[in-house]
Amino acid sequence: MRTITAAAAAALLALPFVPLSSAAEAAVAGARPPMGWSSRSLGCSVSESSMRQAADALAPLAPLGYRYVIVDDCWLAPQRAAGALVPDPARFPGGVKALADYLHGKGLKLGLSLSAGTKACSGGGPGSYKSEAADAAQVKEWGVDYVKYDWCSIPTADFPGQNVQQIAQALFPRMRQTLGGDVVFAMNNEDGSTVPWLWGKDAGATTWRTNVYNRPIADAYATMVDIWEFNQLRAEYAGPGSWADPDLVQAGRGGMTDTEYRTQVTLWAMGAAPLILQADPAKAPAAIVANPKVIAVDQDSLGAHGRLVKSDGWYHVLSKPLANGDRAIALFNESDRAATISTRLGGSRYRVEELWTGAVTSSAGELSGQVPAHGAVLYRVAESREQAPPLVTFEADPPAFLGQDRPSVLEPGRTGEIVTRVTNTGATGRLRDVEVTASAPAGWQVAARTPARTSRLDGGETFTVTWAVTPPADAALQNHDLTFATGGQSATAVVTVAKAPGSGRTYLSDLTWTSAKNYFGPVEKDTSNGERAAGDGRPITIEGATYAKGLGTHSPAEIEYYAGGRCSTVEFQAGIDDEVGAAGSAGFEVWADGGRVAYSGLVTGAMPARKVTASIEGARFIRLVATNGGDNATSDHADFADATITCK
């Protein structure tokens, strides 16, 4: 993974992006969404030394806008001294002012967390309740430029007859008013009952948190998307000087792919969200967090929050007006398979720049691109007569139907087909000598069954190539990438190599699944679910009966297998494992391709195992699904005991 250096940052800065100067930013704190780094990952191991190290690593990013270095809790001593806040002498022996001076000397700014209640959220220090004016004056005297105001230890008894929203509306403005407008005020009231988007702007909040459902943000794709969707629903309340804050940027932490991290930064930029890094700045990938043209979309002076102009649940098109009259357009593919997403720009001629790759093309009104699974592409679009090549949509293994989100499947040693398509989407000129080439992993065979070259492609026309693809007989049963290229563009087909079960009756726990999702920990083979690391389960036991074979899950769970159309029956004993006692409940389902073919009914921890038999005749894929029984999921250890599949 790349790390940014001063030289790399300088090279990135050669691209046309001019952020606010330090003086200008100080004059209008919050004029643009704040950017920087938070110590959240350090927890209470944070120290003056670690903050200085982080500042040193962040300094090369400062010219791009990453200026705020935020101490997120655990900096306070347990008690005040003569009514004043005191930094923890062990963690911050030099004091806060010395740290602020150090940061300011590097062109950076200092952020501190405080709490609106009686105690800090972590570390045991005091809150600012009834001390707002004194605390605000003190942190300003220290040179603090940013205050993250938390919602912890709120003395609700002091507000009889008032709900949580009313209490928050009383407490947060007190600190904002005493801080004044030259300090960024990040309102971090992560309680959905406070509905901060309804009143945060009126309270003077520079930012207000929207991820009240998943808090704090996890370094996981599904959670990131949930938070984005929740944030997007609050778009109407955000605007210049008061920004919707969906939480920290995760790039560099390791829980997502680079594609997924790029998606997060794209969606955050479209939402004019704060770009506050959580990973060690030295490990944050420059190619993702330091793209100046993407940052320019986030920091655009118009301050608009991008809106959805098209969405069907999986595929999303967002549009954001920019200050110079351009538009930012993002195509986001939420699904598990690459898909082509299209939108109409209008009836003029347009300059289209893809900001992640820098490719510049033109279009007569159509915008279309194949977007990787979990990926997003970001365009800057302007009406222009500029002479640029027409926009090309290059697809590898496009879905056969809208909503198909599973990669294509090939069997070891068997030949299948993959299709590529090149479309002259821009239609501003003719494409000549279009040729498509292919590359595959070692041992694979890929050959064009139809011509791979055409001499011309007029506006709106599509050139299709069919490829014969054969994985080796010993190909690993997992996803593999096939790469295709044309005219400087590349497209990747992700294919799954899977093997159908042999003839007769086979235990599912002896097979390799194509995918598995589980609430706590991984799905376990032949043991119950231990909720944490693989292999931490116990023998599967339901109402005293022990089973040597089966699948241990924690609902909601979903396990998929490739059946290849050659199997007939799935059977198992459905039950809640004895390790959770009489607690827990779940429903057990079997799905064959797109339809449910069996359901156990509600099974609780006080019931014996219930046999489930499902006909799966002709299905290419089958899924075992454990659903939550309607109560809390904490004890839902759902066992598919003696699970078998019978094939021809």
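Visitor: How do helix 5 and helix 6 cross?
Guide: This is a predicted model, and in it the axes of helix 5 (residues 132–142) and helix 6 (residues 164–179) come within 8 Å, crossing at roughly 40 degrees.

Visitor: What do you call that arrangement of helix 5 and helix 6?
Guide: Oblique. Angles under 35 degrees would count as roughly parallel, so at roughly 40 degrees this pair is oblique instead.

Visitor: Is the crossing of helix 5 and helix 6 left-handed or right-handed?
Guide: Right-handed.

Visitor: Which residues in helix 5 and helix 6 meet?
Guide: On the helix 5 side you have E132, A133, D135, A136, V139 and K140. They meet L171, R174, M175, T178 and L179 in helix 6.

Visitor: And how does that contact of helix 5 with helix 6 split by class?
Guide: Six residues are nonpolar, one is polar and four are charged.

Visitor: Switching topic: at what angle do helix 3 and helix 4 pack?
Guide: About 10 degrees, for helix 3 (residues 48–58) against helix 4 (residues 95–105), and their axes lie 10 Å apart. That makes helix 3 and helix 4 roughly parallel to each other.

Visitor: What's the handedness where helix 3 passes helix 4?
Guide: Helix 3 passes helix 4 in a right-handed crossing.

Visitor: Which residues make the contact there?
Guide: Helix 3 brings E48, M51, R52, A55 and D56, while helix 4 supplies G95, A98, L99, Y102 and L103.

Visitor: How do the residues of that contact divide?
Guide: Between helix 3 and helix 4, six are nonpolar, one is polar and three are charged.

Note on methods:
Residues are numbered from 1 along each chain as its sequence is written. This is a predicted model: local features need pLDDT of at least 70, side-chain atom pairs count only at pLDDT 80 or more; totals for chains, interfaces and linings use all residues. Side-chain values use heavy atoms; hydrogens and water are left out. Axes are lines fitted to C-alpha atoms, for helices over the stretch in contact, and angles run from 0 to 180 degrees between N-to-C directions. Helices (H or I, at least four residues) and strands (E, at least two) are DSSP runs, numbered from the N terminus. Angles under 35 degrees count as roughly parallel, over 145 as roughly antiparallel, 65 to 115 as roughly perpendicular and the rest as oblique. A crossing is left-handed if the near helix is turned anticlockwise from the far one by less than a right angle, and right-handed if clockwise. Contact means heavy atoms within 4.5 Å. Ala, Val, Leu, Ile, Met, Phe, Trp, Tyr, Cys and Pro count as nonpolar, Asp, Glu, Lys and Arg as charged, and the others, Gly among them, as polar.
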